[in-house]
Amino acid sequence: MPAAPTRSLQVITGVAAMRAAVRELERGGETVGFVPTMGALHEGHLSLVDAAAAECDRVVASIFVNPTQFGPSEDFTKYPRPLERDLDLLRGRGCELAFVPEAAEMYPDGYGTSIDVGPVAVPWEGAARPGHFAGVATVVLKLFECVPADRAYFGRKDYQQTLVVRRMAADLNLPIDVRVCPIVRDADGLALSSRNVYLSPDERRRALALSQSLRLAEEIISGGERDALVVRERMLALIASVGGVGVEYVAIVRDGTVEEVAEIDGPLTIAVAARVGTTRLIDNVLIG
Ligand code: AMP
C-alpha cells in the first residue's frame, strides 16, 4: 500500500503528557482513534491504523510489550522490539502520535491491581495461558486511561481478546467505542503475526496448516456438514497430515461468545491454537 502523505509523528513516553495531548486534540473538536500494539508492526497492525485514520481525525498508536500478559515460560524477553522501524511504519500511515510508555511508569513499585473480566476469559486462550487475559484487560484499561480516545481498534486475529476487551468496556461503562477489524494474511493464507519471525522456513510451511484447516472447515460446512465434531476431526486430520504442528485446541463457538456448539447453525467462530516448533500461533475464521 502506498505511503500516505504524512504529518509528523510525535513520540510520547510520559503518561501525563500523553493524556494532555489527546485532551488537547479533543478540545479542538477532533476525534481520536487509538491502536494499542506491542510493536514489531506488520500489515495487520497497520490495517488498524488505516481503519482508525478512515474514521477519526487523528490516530494514536501505542507500542508497549506488556510484561504482565506473558507467562513465566513465554517469550517476553525475546519478543522483537524494532522501535525505529515501527515508528517509520506508523509515520508512513499517517499516525501522528505514538505512545511508548516506560514499564516503570506503567507498573510503579508496589503495583497490585488486576482486572478480572469473568467467564469470557476462562476457556481456550485463558486456559492455555493462565493470567494472560488479566494482563491484557489490565493493560488495555490502563492504556485507555492514558489515551482517552473516542474509538479503539483491535484485530479479529485475537478473537477471544476482542471479547475480553468488549466485555470490560461494557461492564465498566468505558467511554470508548471498541472496533474490531478483519484478519490480515500473507498471500499464502498465514495470518500475520509478530511471532512469525520466529519460524524457520520449514516451520513457516508447516504453520500454513492452521489457515488451511480453517479453510477446510469453511468448505465442508458450506458443503452441508452440520456436526461440529466432524468438522473438528477433519481439521485435526489435516493438521496431523502436515506434521510438526502441536494443536492446543480447536474451538467451534457461537460467534461473539466462547461457548462451544455441537451443531453448525448460525454465525460461528472456529479458532485454532497450535505450536510449530517453539512458536505458539493462533488463527480463526468467522463462519456465516
Ligand atoms: P499485538 O501487537 O500482537 O498485541 O497486536 C496488536 C493488535 O493488532 C491487536 O488488536 C491484534 O489483534 C491486531 N493484529 C495482530 N495481527 C493481526 C492480523 N494479522 N490482522 C489483523 N489484526 C491483527
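Of the 48 residues in the largest nonpolar core, which touch the most other members?

## Ground rules

What you see is a predicted model, where local features need pLDDT of at least 70 and side-chain atom pairs count only at pLDDT 80 or more, while totals for chains, interfaces and linings use all residues. Residues are numbered from 1 along each chain as its sequence is written, and side-chain values use heavy atoms, with hydrogens and water left out.

## The sheet

Start with an open sheet of six strands, which run in the order β1-β4-β3-β2-β5-β6 with parallel pairing. Strands and helices here are DSSP runs numbered from the N terminus (strands: E, at least two residues; helices: H or I, at least four), and two strands pair if DSSP finds at least two bridges between them. At the edges are β1 (10-12) and β6 (177-181); each has a single partner strand, so one side of each is left without a neighbour in the sheet. From one strand to the next, the twist averages 25°.

Six parallel bridges link β2 (residues 32-37) with β3 (residues 58-63). In this pair, Val35 stands opposite Ala61 in β3.

## Helices on the sheet

Helix α1 (residues 15-27) packs on the sheet and touches β1, β2, β3 and β4 (97-99), its direction making about 150° with that of β4. Contact means heavy atoms within 4.5 Å. Angles run from 0 to 180 degrees between N-to-C directions, using axes fitted to C-alpha atoms, for helices over the stretch in contact. Helix α3 (residues 83-92) also packs on the sheet, touching β1, β3 and β4, and makes about 165° with the direction of β3.

## The cores

Back to the opening question: Met18, Val60, Val117, Val140, Phe144, Val147 and Met168 touch the most other members of the largest nonpolar core. Such a core is a set of buried Ala, Val, Leu, Ile, Met, Phe, Trp, Tyr and Cys residues joined through side-chain atoms within 4.5 Å; buried means under 20% relative accessible area (1.4 Å probe, protein chains only). Helix α6 gives this core its largest share, nine residues.

Leaving aside neighbours within four places in sequence, Val117 is in contact with Ala137, Val164, Arg167 and Met168. There's also a second, separate core of 29 residues, with Leu199, Ala207, Ile220 and Met235 among them.

## The cysteines

How many disulfides are there? Zero, counting a pair of cysteine sulfur atoms within 2.5 Å as a disulfide. For Cys95, the nearest cysteine sulfur is that of Cys56, 11 Å away. Cys95 counts as buried because its relative accessibility is 0%.

Methods. Buried means under 20% relative accessible area, exposed over 50%, partly exposed in between (1.4 Å probe, protein chains only).
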